[in-house]
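Please have the model open while reading.

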Amino acid sequence: MIEYDSVTKIFGAGKTAVTATDGVNFTIEEGETAVFLGPSGCGKTTLLRMTNRLESVTRGSIRVQGRDIMEMNVQQLRLGMGYVIQQIGLFPNKTIAGNIAVVPRMLKWDKRRIEERTDELLRIVKLDPEIYRDRYPVELSGGQQQRVGVARALAADPDILLMDEPFGAIDPINRHQIQDEFLKLQGQLKKTIAFVSHDIHEAIKMADKIAIFKDGKLVQYDTPEIILMRPANKFVSDFVGADRALKVLGLLRVRDAMNREPRNVVQSDVMAEEALRFLEGNNFRNLIVLRENRVLGFVTRRHLKYEQGKVEDFAEKFPEELAPREPLRDALSAMLMHDLMSFPVLDDNGAFAGTISYRYIQRSILELYSESQDD
Amino acid sequence: MNLLIFLQDNLSTALFLTWEHLWMVGLSLFIAIITGVPIGILITKNRQLAQKVIGGANVIMTIPSIALFGLMLPLLAVFGHGLGKVPAIIALVLYSELPIIRNTFIAIKNVDPAMVDAGRGMGMTKWQLLREVEIPLAIPVIIAGLRTAAVMIIGIAAIAAYVGAGGLGVFIQQGIARSHESMVLAGALGVSLLAVVVDLFMGFLERRLTPKGVKA
């Protein structure tokens, strides 16, 4: 847990004094990722650098795991926090293994343990230890270097990670990949993370909570959903962008909006005539054809009219099927692309789990919006 | 031809003077390293001090060597060392300081701030950072400074013969006094050859000591 208590930082003195952060109050809960977001010069990096005392605190206090950082030995404080920076900062004179081993060596681990840990970390960040262990940073691409940067920060398994625009200097394709991998990793590790970013998309993706700063002041500290649906003021709404409803779609998953008990289903051996009556009687647009809980396809009025025999003979295959963990944005995209108003959702075993339709997507957005209005 | 005959007749003297020359230069360089490198590192922490130290070393460089020997003569005479190896080595050390201090200073200053930031952020002490990162990264530039100093003081050491320090300068000095052309040539060529050989050796050292990951 990291607690910021009226943290103020003033650079310089007298007329040239600049207030970098101004009475900042908030808490990063255990195991959560807080993204510090804002335009350059808003104080987000300064706040991060105060957390490991690379900058001093002018007024106020910062507590890490309940202890005031000013009362801790500065080396001890830093050894207990992983630190990843945008410029990566790998030591070019050390091998990859040597870079990862920096903190364990300072903690006086024995050689064997360091070697094992190094290989383990390389595997975690998806670099083959056999290939990369003894290479030098110059021999690696930017993305690979930052993977090592992350591994180095995790070396001694610190509870806290400080990340200063860690993926900012990596090309977009690699950045998305490394973000995804890091999210997955964080899902297992549950570190307490302070993460500086200037990219709203990255913030939405990585954050449990987003802290938005302007001119050194904390403007809003909330979950990405609330930041998007209920920005505290015009600054925040401008910052998150006019397409914030669409951004929420990137955040919500199919499972958050799906209809788990759709009524427009029909078993494969039902006769077409009966199915048509069911369809028309309920005013459904289509029926999903199932056999042993597997989706065969769908039938509409057009498929069934004047036909005889089982519905399975007329079922048209869905062009795409969705998984519960996919973002709603992808579901909506599929609907627009294939001109279909609903899609089946399949669980990990491929069994039918429900449907997702435009109406349900809209409803989940509206729900979120009104929920936050009630706060 | 005369030169070869001269060398043939004076081989042992020539070898001894070369050895004496090299020995003076080596010792001076050693003293300059153990003083200059720490000074160069120390002044990276203080900009004003850095300006003064480098400025001072610059001033020393501008004093002609013969004048420096002259200036030291009365001072060292107090201790009974006005002539001989002592003033020579002091002068050579002083001349070496500028390239060594300046290169060390610049090399440490030029270490990527991101690395220093990463190191500090991970909990390295100043000393650990210096030992594990800054100095290894600065090594090539520091050795380049040593190389400059070495070649330069090999030349200056030839003049030290005038204060009785020995070395290959003896051939030059005596050769001029006696208008012995081959003798002057032997001294001059010896000094040049020494400079070339030492320069090559230092180049080799520079490549060997550059950390592997830093080589382009």
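## Contacts and spaces

Chain B and chain A bury about 1900 Å² between them, and carbon and sulfur atoms give 62% of this area. Buried area is the accessible area, found with a 1.4 Å probe, that two parts lose on being put together, summed over both. This is a predicted model, in which local features need pLDDT of at least 70 and side-chain atom pairs count only at pLDDT 80 or more, while totals for chains, interfaces and linings use all residues. Residues are numbered from 1 along each chain as its sequence is written, chains are lettered from A and ligands numbered from 1 in the order in which they are written, and side-chain values use heavy atoms, with hydrogens and water left out.

In this interface, 20 residues of chain B are in contact with 24 residues of chain A (contact means heavy atoms within 4.5 Å). There are three salt bridges between chain B and chain A (a side-chain nitrogen of Lys or Arg within 4 Å of a carboxyl oxygen of Asp or Glu). In a salt bridge between Glu132(B) and Lys94(A), the N to O distance is 2.8 Å. On the side of chain B that touches chain A, helix 6 (113-121) and helix 7 (126-159) of chain B each give two or more residues. Helix 6 of chain B gives the most, with seven residues. Helices are DSSP runs of H or I with at least four residues, strands are runs of E with at least two, and both are numbered from the N terminus.

The spaces were found on a 1 Å grid over the protein atoms alone: in a cavity a 1.4 Å probe fits but cannot get out, whereas a pocket is an open set of points with protein on both sides within 12 Å along at least five of seven lines, and lining residues have an atom within 4 Å of a point. Grid points are joined across faces, edges and corners, and a volume is the space filled by probe spheres set on the points.

| Space | Volume | Largest share of the lining |
|---|---|---|
| Largest cavity | about 60 Å³ | strand 6 of chain A, three residues |
| Largest pocket | about 1000 Å³ | helix 8 of chain A, seven residues |

The structure holds one cavity of 30 Å³ or more. Its lining includes Tyr83(A), Val103(A) and Met122(B). The largest pocket is lined by 37 residues, and those nearest its centre are Leu183(A), Ile204(A), Lys205(A), Leu251(A) and Arg253(A).
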